[in-house]
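Dear colleague,

Here is the structure I promised to pass on to you. Please have it open while you read, as my notes on what was found follow directly below.

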Amino acid sequence: FPLSFGEFLSFNNIALIGKLGLIGRESEIKGALRKYIEYGSFPEVVLSEQKKEILLSYFEDVITKDLLRRFKIKKAQDLRSIVKYYLSNISALSTFKSIERSLDMSITSVKSYTGYLEQAYLVFSLKRFSFKVKEQEKSPRKIYSIDTGLCNAVGFRFSENYGRLAENVVFVALKRKQNLNPNMELFYWKDIHHSEVDFVIKDGLKVTNLIQVCWNMQDEKTKNRELRSLHKGMKDLNITDATIITDVMEGEEKLNGYTVKIVPLWKWLLAEESAIGS
C-alpha cells in the first residue's frame, strides 16, 4: 500500500503526538489532506515536486511491466481504455455488461482485464452485501483505485470527483485494516429502493459498522438523504451505530434509537491508525 495518512503527515514533517499534538494544527492537517487526496501517497511522489510526471511513469510501468508483459496482452489499447475507465469512475457502480457497451469491448476481455488489474493491485472491486452468494455475484460492483493520485493523473476529471476521491481514500484505509484482520470483509449495501450505504464492515459472522462518505453535508436535503439511507441500512442489518465521514462537519445524530456519528475525514483517518484515539 502507499502511505497511510499518518505516515503521509510524517513525510511532510507534521508530527502528531497524542490529542495535544492537534491543538492549533487543524488547518495545517486539512491542507495536508487536500494534497493527500489530490496527489496520492506513493512515497516518491510525496517527496517530489514532479508529482504528476512520476505518477504517469508509475502508470506506464504498471501497464507495460505488470500487465502487458506478464499476461501477454496483445491489445494494449483496450487495456489502457479499461484502466482509464476505472480510474475515471472510482466508487461508481458498474457491471461487466455496462463496460462492454461503453468501451465496445467483448465481455470476456472486460472480465479478463479487470482480473489482471486486480492482480496487479491497481484496482479493487467491492461487492454488494447479501446473505445470498448468487445475489452478491450478480449485482453491480464498485471499483476503487490503490491511489487517488493515479486517478487524478490518468483518469478524466469531473466536478463531483472530490467526494468520490474521499470515498476512495476511506476504502483504501479500510482495505489496509482488512489486510491485518483475515476475518474482516468489506461490502456496500443497497436496497430495492436504491438507498445505498458506501461500506458495510463485517467481522466473522457479524456486521460491526456501516460507513457513509458524504463530502459536503451543509445542504439540508443532502444531509437528510444520507441519514435516511444509513438509517435504512442500519435497520436492515440490525446495527445501532454507524458513521458518516465528511469534509468538516462533526457531531452526532439520533434516529429513533439509532446513533450516527459524524466525523471529518482527517480525524477518522488518524483515529483508524490509533494516532489520536477515537
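Among contacts between residues at least 6 apart in sequence, 58% join residues that are at least 24 apart. Please keep in mind throughout that this is a predicted model, so that every value here is computed from it.

As for the overall build, the protein has 12 helices and nine strands, and its C-alpha trace spans about 55 × 45 × 35 Å along the principal axes. The radius of gyration is 19 Å, which agrees with a compact globule, because one of 278 residues would have a value near 19 Å.

Turning to the inside, 50% of the 278 residues count as buried, and the largest nonpolar core holds 70 residues, with Phe-5, Leu-79, Leu-265 and Trp-268 having the most contacts inside it. Helix 10, which covers residues 161-180, gives this core its largest share, namely eight residues. If you select Trp-268 and leave aside its neighbours within four places in sequence, you will find it in contact with Val-170, Ala-173, Leu-174, Ile-211, Thr-243, Ile-245 and Val-263.

With best wishes

Note on methods
Residues numbered from 1 in each chain as written. Predicted model: local features only at pLDDT ≥ 70, side-chain atom pairs only at ≥ 80, totals over all residues. Heavy atoms only, no water. Helix = DSSP H or I, 4+ residues; strand = E, 2+ residues; numbered from the N terminus. Rg over C-alpha atoms; globule rule 2.2 N^0.38 Å. Buried < 20%, exposed > 50% of the residue type's maximum accessible area, 1.4 Å probe, protein only. Contact = heavy atoms within 4.5 Å. Core = buried A, V, L, I, M, F, W, Y, C linked by side-chain atoms within 4.5 Å.
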